[in-house]
Amino acid sequence: MPKLADHGERRAQIAEALLRIAGSRGLHAVTMRSVAAEAGFAVAVVQYYFESKEKLLLFALQHLAQRVGERVRERVAEAGSNASPLRVVEAVLAQAVPADEESRIFHLVYTAYAVLSVTDPALAAQPFLDAPDQMQTFVADRLREARDAAEVAADLDPESEAAGLLVMSAGLGTSVLLGQRSVEQALDILRYHLARIALPDIPNADTARAAHEPNAGHREARPT
């Protein structure tokens, strides 16, 4: 008997095809036919799983959010179980910088969805901010741990600091996509701001701070 298709896997394959198209040609280039061709399926197969382009776009957005979440969890795990809260925050923020093809596609397509949601009622009705809100909560919790462990100042506001760091990292990611600065410059800026909130008696904090002192021979990355 022929093997029955795994519907979840098939839908994921179609969503991945959409992300590849959106990442290389833009979200405006996505059609049922173009996605079918990219996935190697007949148009009827895509139509079977998704009755309309709207439903396909909505599913792909959910799939993208899941993939981004998985990537962040992987990077946090790579930081190690004994990593300090600030090191975990650095790992999370660094994911907003498109350092490889996968993260470039993630950032580009998510940004395209965000812009489209401003004028598309169907997208606007989705819990579009759930993932960013969860990320902010996670970073704020880590900063709270850092404050409790005396890694940062006792008067640091975890919520405000988390919001600012995440907005900054997203902006840095966009600047890399636009060619305004390199990946290395963007990461240096992230580390610079994390070093500024770290107390000087934290291991490696002195080194990080010294690297950004004007007299240390380090030239700060400036917008071009």
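Predicted model: local features only at pLDDT ≥ 70, side-chain atom pairs only at ≥ 80, totals over all residues.
## Overall architecture

The protein contains 11 helices and 0 strands. Its pattern along the sequence is accordingly written α-α-α-α-α-α-α-α-α-α-α.

Of its 224 residues, 38% count as buried. Among the contacts with a separation of 6 or more, 61% are accounted for by residues 24 or more positions apart.

## The crossing of H1 and H2

Two packed helices are described by the angle between their axes and the distance between the axes. For helix H1 (residues 7-25) and helix H2 (residues 32-39), the axes come within 8 Å and cross at roughly 105 degrees. Angles of 65 to 115 degrees count as roughly perpendicular, and H1 and H2 are therefore roughly perpendicular to each other.

On the H1 side, the residues that meet H2 are Gln13, Ile14, Ala17, Leu18, Arg20 and Ile21. Their partners in H2 are Ser34, Val35, Glu38 and Ala39. By class, the residues of this contact comprise 6 nonpolar, 2 polar and 2 charged.

## Helix H5, an enclosed element

Helix H5 spans residues 85-94. Because 7 of its 10 residues are buried, H5 is largely enclosed by the rest of the structure. The buried residues are Pro85, Leu86, Val88, Val89, Ala91, Val92 and Leu93. The elements that cover them include H4, H8, H9 and helix H10 (183-197).

## Arg67 in helix H4

Helix H4 covers residues 53-78, and Arg67 lies within it. Is Arg67 buried or exposed? Its relative accessibility is 19%; since the cut-off for a buried residue is under 20%, Arg67 counts as buried.

When neighbours within four places in sequence are left aside, Arg67 is in contact with Glu16, Glu102 and Phe106.

## The largest pocket

The largest pocket holds about 1,000 Å³ of space. Its lining is formed by 32 residues, and those nearest its centre are Val68, Tyr110, Ala131, Pro132 and Met135.

By class, the lining has 20 nonpolar, 9 polar and 3 charged residues.

Technical notes: Residues numbered from 1 in each chain as written. Heavy atoms only, no water. Helix = DSSP H or I, 4+ residues; strand = E, 2+ residues; numbered from the N terminus. Buried < 20%, exposed > 50% of the residue type's maximum accessible area, 1.4 Å probe, protein only. Contact = heavy atoms within 4.5 Å. 1 Å grid on protein atoms, 1.4 Å probe; cavity = no way out; pocket = protein on both sides within 12 Å on 5 of 7 lines; lining within 4 Å. Points joined across faces, edges and corners; volume = space filled by probe spheres on them. Nonpolar A, V, L, I, M, F, W, Y, C, P; charged D, E, K, R; others polar. Axes fitted to C-alpha atoms, helices over the stretch in contact; angles between N-to-C directions. Parallel < 35°, antiparallel > 145°, perpendicular 65-115°, else oblique.
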